[in-house]
Amino acid sequence: MIRGSLLVVLTFEFLVSLYVSAQNDKEKADLMITGGTVVTMNATRPILPDGIVAVRGDTIVAVGPRSEISSRYAAAQQIDAQGKLVLPGFINGHTHVPMTLFRGLHDDVTLNDWLYKYIFPAEKKNVNQEFVRWGTRLAAAEQIRSGVTTFADMYYFEDAIAEETKAAGMRGVLGETFIDFPAPDNKSEAEVLAYTEKFLQKWQGDAFIHPAAAPHSIYTCSLKTLQDATALARKYRAPILIHTGEMKKEWDDSQKQHGMSPVQYLEKLGVLGPEVISAHCIYVDEADRKTLAKRQVGCVHNPSSNMMIASGVAPVPEMRAAGIAVGLGTDGPAGSNNDLDLMEEIDLAAKLAKVTKMDPRALTAKAVVEMATIEGAKALHMDKEIGSLEAGKKADIILIGLDEPNAVPLYDVYSQIAYSLKASDVETVIIGGRVVMHNRKLLTVNQETAIAKAREYGKAIAASLGLPPVD
Ligand SMILES: [Zn+2]
């Protein structure tokens, strides 16, 4: 009996020592996401059932089937992704995040009325550094909850937006707006140039914040403003964010004033290049598409916004066919969308293209998921860093649950993501290896405070415009 017990103990110890030595032989990771259906979005687009994503620091070190990765890597922190989809974080390629605080201020009016009767007066009276900080916090909560890990922004006080974005643990391409009238922060071109130069210097080389210059558009910036903003961005190798071809009036005026399209005008001024990220691109003809492709300009399609303010339909299939990287954006979130839900844009991008072409094959589920991930990363010129799950890329990873009624049954992963799953199905979000939302609980933003503050701002903004009080 004693001898038998001894044998059991010795065998147990032997097995433990084998296990320990096997663990010691493994490469160390910090975090492993195990057992999920991994939608890699890498060059060959494999989808791995029962896969593992291993993360060390802020970087993915391995992606593969569990059978292969679990024998090679060990990590102290594990996240069980069984029964869930594991994807690269979504990329919101165009927005103005502090405008969350103007959400729903006045809708169903023309863009011109909205801008001149409501938004410009509201901005003049209310936008300051504190405003953009609270708006950015609210937007960070909303975006993380819908699986967005990187966004491109154009607004004022962009340095404060950068600080709040970094505090929320999000990645951002953040552009200080150049516009030819006194803005809430900078009152002249000289001021905005000085502010932006300091901003570019401060954030250069930051892992999360890519500071940018954002000349608003050809219809709000003079030739000089456009060229000065471009030269400043190029001096610091920074991205350039601009609205291009976003309305018919812009196209018509450009033909009248310059004798050419908005894209050809920007080309003539020397603005276009591989650091440019161009929002909308609705009014771009075949010659324009060739120019955009040649100059490696990234384009961002904003279907909700284009539909809500009746701007038109961007020729997305034609742009993709021309070799242009086309991402997705929410725009807004006030006046031209009213939320920051990128999953809604995935769905609408496909459906808008289908109904416009009267062809359900015009833009597929797989294509729109690409636009929200790897193509979106290319449009922001960040595809070496983000956009897919593969070794060497930043660990920007989301887990989407599949247990709600709208998620079952599952035949086709891309179709489910594009047409069935909702932002509320996003459960866990990791940015640069850091868990920023776990099982729907935000870990980097105080959501309750952000919501309470937004309600306070709602009352104050309504009062500042003489509108009836809001609850
Ligand atoms: Zn915009």
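Reader: Is Met41 buried or exposed?

Author: Buried. This is a predicted model, and in it Met41 has a relative accessible area of 1%.

Reader: Where does Met41 lie?

Author: Met41 sits in the loop between strand S1 (27-39) and strand S2 (47-56).

Reader: What about phi of Met41?

Author: Phi is near 60 degrees for Met41. That is a positive value in a residue other than glycine.

Reader: Now Asn338. What is its phi?

Author: Asn338 has a positive phi too, of about 85 degrees, although it is not a glycine. Its place is in the loop between S13 and H13.

Reader: Buried or exposed?

Author: Asn338 counts as buried, because its relative accessibility is 16% and the cut-off for buried is under 20%.

Reader: Which peptide bond is cis at Pro333?

Author: The one that joins Gly332 and Pro333, with omega about 10 degrees. Pro333 lies in the loop between strand S13 (326-328) and H13.

Reader: And what is omega from Val408 to Pro409?

Author: Omega is near -15 degrees, and that peptide bond is cis. Pro409 is in the loop between strand S14 (397-401) and helix H16 (413-420).

Reader: On to helices. How do H13 and H14 pack?

Author: Helix H13 (residues 342-357) and helix H14 (residues 365-372) pack at an angle of about 140 degrees. Their axes are 9 Å apart. The two helices are therefore oblique to each other. H13 passes H14 in a right-handed crossing.

Reader: Which residues make the contact?

Author: From H13, Leu342, Ile346, Ala349 and Ala350; from H14, Val368, Val369 and Ala372. The contact has 7 nonpolar residues, no polar and no charged.

Reader: Why is H5 called largely enclosed?

Author: Because 7 of the 10 residues of helix H5 (residues 158-167) are buried. Among them are Glu158, Asp159 and Glu164.

Reader: What do the buried residues of H5 pack against?

Author: Helix H4 (129-145), strand S7 (148-155), strand S8 (171-178), helix H6 (189-203) and strand S9 (209-215).

Reader: Which residue with positive phi follows H5?

Author: Gly169, with phi near 75 degrees.

Reader: Last one, Thr444. What does its side chain reach?

Author: The side chain of Thr444 reaches the backbone oxygen of Ala168 at 2.8 Å. Thr444 also touches other residues, including Ile144, Arg434 and Val436.

Reader: Where is Thr444, and is it buried or exposed?

Author: Thr444 lies in the loop between strand S17 (441-442) and helix H17 (447-464). Thr444 is buried, with a relative accessible area of 18%.

Definitions and conventions
Residues are numbered from 1 along each chain as its sequence is written. This is a predicted model: local features need pLDDT of at least 70, side-chain atom pairs count only at pLDDT 80 or more; totals for chains, interfaces and linings use all residues. Side-chain values use heavy atoms; hydrogens and water are left out. Axes are lines fitted to C-alpha atoms, for helices over the stretch in contact, and angles run from 0 to 180 degrees between N-to-C directions. Helices (H or I, at least four residues) and strands (E, at least two) are DSSP runs, numbered from the N terminus. Angles under 35 degrees count as roughly parallel, over 145 as roughly antiparallel, 65 to 115 as roughly perpendicular and the rest as oblique. A crossing is left-handed if the near helix is turned anticlockwise from the far one by less than a right angle, and right-handed if clockwise. Contact means heavy atoms within 4.5 Å. Ala, Val, Leu, Ile, Met, Phe, Trp, Tyr, Cys and Pro count as nonpolar, Asp, Glu, Lys and Arg as charged, and the others, Gly among them, as polar. Buried means under 20% relative accessible area, exposed over 50%, partly exposed in between (1.4 Å probe, protein chains only). A polar contact is a pair of N or O atoms within 3.5 Å; within protein, one must be able to donate a hydrogen and the other to accept it, and residues adjacent in sequence count only if both atoms are side-chain atoms. Lists of a residue's contacts leave out its neighbours within four places in sequence.
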